[in-house]
Amino acid sequence: MRIVSGMRPTGKLHIGNLLGALENWVKLQDNENENFFFVADWHMLTTGYEDTSKLKENTETLVREFLASGIDPKKSVVFVQSNVKEHAELHLLLSMIVQLGRLERIPTYKEQLRELKERNISTLGFLAYPVLQAADILAYNADGVPVGEDQAFHLEITREIAHKFNSLYGEVFKEPKTLLSRVPKLLGTDGRKMSKSYGNVINIDTNEKELKNMIMPMKTDPARMRRTDPGTPEKCNVWAYHKAFGTPQEKLDEIHRGCTSAKIGCVDCKKILIKSMKEKLEPIWVKIDELKAHPQIVKDVISEGNKKARTVAGETLQKVREAMNLY
Ligand code: TRP
Ligand code: SF4
């Protein structure tokens, strides 16, 4: 299978990105797949065009964190969207066949317009976001696109565009499958949606001390007012974190029994969680530090990846131009 996915360079990766997306990407690498993973910097501009001061830095940070989390440049093509101009050409060509009304009706479009009111994103670029995403995917004729549930609408549009293109100009594109990750969405440490603006996000490079500062004050099952009150783990965000971070089953059983019978306190439960988180994150911290000490590695991975991506996308674009009878 050919796999394509991208992420916007909005700063550091957080544990939601790691468990919800990246781990899925890393798993796909080990099969007989051809993988393309990229930094969607043009997508970042659609909502962040007013302040691009951190864009370059964030692009390298994202690639560094891809590599630290297990993306292997020997198995995957890692590149930067804006360095592969074929995405832009395909975006332009696809924009000819997409109805405006279809884009305006996408639920996430209206929702984001409302949520990001202060950012002035009634722009052509933002409306065309899903067309650009379709171009990203179709430029590689992907079979599968690993994404979170929030991207499902964009993938639907991608398939519609592929279908319409094929019926107008002949079979060029496959209709790619959505590969949803099975991990349930993690909430922020305060129980609200994970969001940088709420300050409830744990970045993957958060060190042990900061980790403690964020985990220890987490709200638990409200029924556990006192240490002696029994609780229900299923009503507790700390429990969701335990499961997400792979606390071993026997520990989970112990916590479950201890919580429902008030034999274990929330403080001890959180200490076990911090240990699980540290086990998963520490190897990533080590690799991030190594890559920071050798910044050329990230640059080389990007320039190699760009070349490979251009070759594949270039072949697709050749077919597209021919199909559309461009001179
Ligand atoms: N829109 C995606 C997100 O916000 C990022 C993205 C851009 C993407 N192009 C893509 C994901 C192509 C998958 C395939 O997460
Ligand atoms: Fe949550 Fe653990 Fe406290 Fe139970 S013991 S309420 S699972 S933190």
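How do the residues of the lining of the largest cavity divide into nonpolar, polar and charged? They divide into nine nonpolar, two polar and two charged, where Ala, Val, Leu, Ile, Met, Phe, Trp, Tyr, Cys and Pro count as nonpolar, Asp, Glu, Lys and Arg as charged, and the others, Gly among them, as polar. This is a predicted model, in which local features need pLDDT of at least 70, side-chain atom pairs count only at pLDDT 80 or more, and totals for chains, interfaces and linings use all residues. Residues are numbered from 1 along each chain as its sequence is written, chains are lettered from A and ligands numbered from 1 in the order in which they are written, and side-chain values use heavy atoms, with hydrogens and water left out.

**Ligand site**

- Around ligand 1 there are 13 residues, the closest being Arg8, Tyr129, Gln133, Asp136 and Gln151 (a heavy atom within 4 Å).
- Helix 8 gives four residues, the largest share of the shell around ligand 1 (helices are DSSP runs of H or I, at least four residues).

**Cavity**

- One cavity of 30 Å³ or more is present (on a 1 Å grid over the protein atoms alone, a set of points where a 1.4 Å probe fits but cannot get out).
- The largest cavity holds about 110 Å³ of space (the space filled by probe spheres set on the points, which are joined across faces, edges and corners).
- Its lining has 13 residues, and Cys236, Ile255, Cys259, Cys266 and Cys269 are the closest to its centre (lining residues have an atom within 4 Å of a point).

How values were computed: Helix = DSSP H or I, 4+ residues; strand = E, 2+ residues; numbered from the N terminus. 1 Å grid on protein atoms, 1.4 Å probe; cavity = no way out; pocket = protein on both sides within 12 Å on 5 of 7 lines; lining within 4 Å.
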